[in-house]
Amino acid sequence: MQSKIPTTRLSSWQCQLSPSSTQTHQSISSTLEKATGKKHLVDNSPETCWTSQQGLPQFIQLGFNSRVVPKRLSITFQGGFVGTRCAVYIPVEGSGTKDWQVLTTVYPEDVNRRQAFDLTPVQPELLSGGISALKLVFEDSSDFFGRITVYDLKLDGIPI
């Protein structure tokens, strides 16, 4: 029998933290226009989204005020504007957010539904002390111009 690990919602778009919380902050590579800005990643509305400008790569970066061990990423794209290869990076220990290393890579499908990915590290010891930040780098897009559209983004994990 496999036991379940209790998880806590880590990001500002979950029930533990509100969008105005100072416990999590986000930055993005670009925004197509103000109506599709980063605030729409965390507003829990299925009618709003973040859309990048054209060109690759694009990224979403999350920062945490306390260390966490991320376990699962859930993301909802607009079909046709999907980041079809997404490298998940974490900071190199002791570098702040200056240097990054690959935690894992996920491959979302070109669909409109929520997709969930277990964040299994390429090297298990990378998460032993938790992390202070996480960066999703969209290296490929299903859009010819390299635009990415995200309606919802959630991160589950364990606070340290």
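## Buried, exposed or in between

Before anything else, here's how to read accessibility: a residue is buried when its relative accessible area is under 20%, exposed when that area is over 50%, and partly exposed in between. R147 has a relative accessible area of 23%, so it counts as partly exposed. Keep in mind that you're looking at a predicted model.

What is R147 doing with its side chain? It meets the side chain of D143 in a salt bridge, at 2.9 Å from N to O.

How many salt bridges does a search of the whole structure find? The count is 8. Some of them share partners, and in that way R85, E139 and D140 are joined into one network.

Another salt bridge is made by R113 and E109, whose closest N and O atoms are 3.6 Å apart. Both ends fall into the middle class: R113 is partly exposed at 46% relative accessibility, and E109 is partly exposed at 44%.

## R72 and D118: a link between strands

Now find R72 and D118. They form a salt bridge too, with 2.4 Å between the closest N and O atoms. R72 belongs to strand β4 and D118 to strand β7 (residues 114–118), so this pair ties together parts that lie 46 residues apart in sequence. R72 is partly exposed, with 33% relative accessibility.

Strands β4 and β7 pair in the antiparallel sense, over 5 bridges, and R72 stands opposite D118 in β7. Look at the two faces of β7 as well: Q115 and F117 are on the covered face, while R114, A116 and D118 are on the uncovered one.

## Rings that meet

How many aromatic pairs are there? The count comes to 2. One of them is F77 with F138, an edge-to-face pair with 5.9 Å from centre to centre and 80° between the planes. This pair links distant parts of the chain, since F77 is in strand β4 (residues 58–77) and F138 is in strand β8 (residues 131–140), 61 residues apart. Both F77 and F138 are buried.

The other pair to look at is F144 with F145. Their ring centres are 5.2 Å apart and their planes meet at 85°; planes over 60 degrees apart count as edge-to-face, so that is the label here. F144 is exposed, with a relative accessible area of 76%, whereas F145 is partly exposed at 45%. There is also a ring with a charge over it: the charged end of K135 sits over the ring of F59, 4.9 Å from the ring's centre.

## The nonpolar core

In soluble globular proteins, nonpolar side chains tend to be buried together. Here, the largest nonpolar core has 30 residues. Which of them touch the most other members? They are W50, I60, L134, L136, F138 and V150.

Which one gives the most? That's β4, with 8 residues.

## Loops worth a look

Let's finish with some loops. P57 has its place in the loop between β3 (50–51) and β4, and the peptide bond leading from L56 to P57 is cis, with omega near 0°. Q53 lies in the loop between β3 and β4 and is partly exposed, at 40% relative accessibility.

What does Q53 contact, if you leave aside neighbours within four places in sequence? The list is S30, T31, L32, Q58, G146 and R147. Of these, R147 is the residue that bridges to D143. As for S30, it is 23 residues from Q53 along the chain, yet their C-alpha atoms are separated by 5.8 Å.

One more loop, between β2 (24–28) and β3, holds N44. Its phi is near 55°, a positive value in a residue other than glycine. N44 counts as partly exposed, with a relative accessibility of 49%.

Note on methods:
Residues are numbered from 1 along each chain as its sequence is written. This is a predicted model: local features need pLDDT of at least 70, side-chain atom pairs count only at pLDDT 80 or more; totals for chains, interfaces and linings use all residues. Side-chain values use heavy atoms; hydrogens and water are left out. Rings of Phe, Tyr and Trp (its six-membered ring) pair if their centres lie within 6.5 Å; planes under 30 degrees apart count as stacked, over 60 as edge-to-face and the rest as tilted. Helices (H or I, at least four residues) and strands (E, at least two) are DSSP runs, numbered from the N terminus. Buried means under 20% relative accessible area, exposed over 50%, partly exposed in between (1.4 Å probe, protein chains only). A charge sits over a ring if NZ of Lys or CZ of Arg is within 6 Å of the ring centre and within 35 degrees of the ring normal. A salt bridge is a side-chain nitrogen of Lys or Arg within 4 Å of a carboxyl oxygen of Asp or Glu. Two strands pair if DSSP finds at least two bridges between them. A nonpolar core is a set of buried Ala, Val, Leu, Ile, Met, Phe, Trp, Tyr and Cys residues joined through side-chain atoms within 4.5 Å. Contact means heavy atoms within 4.5 Å.
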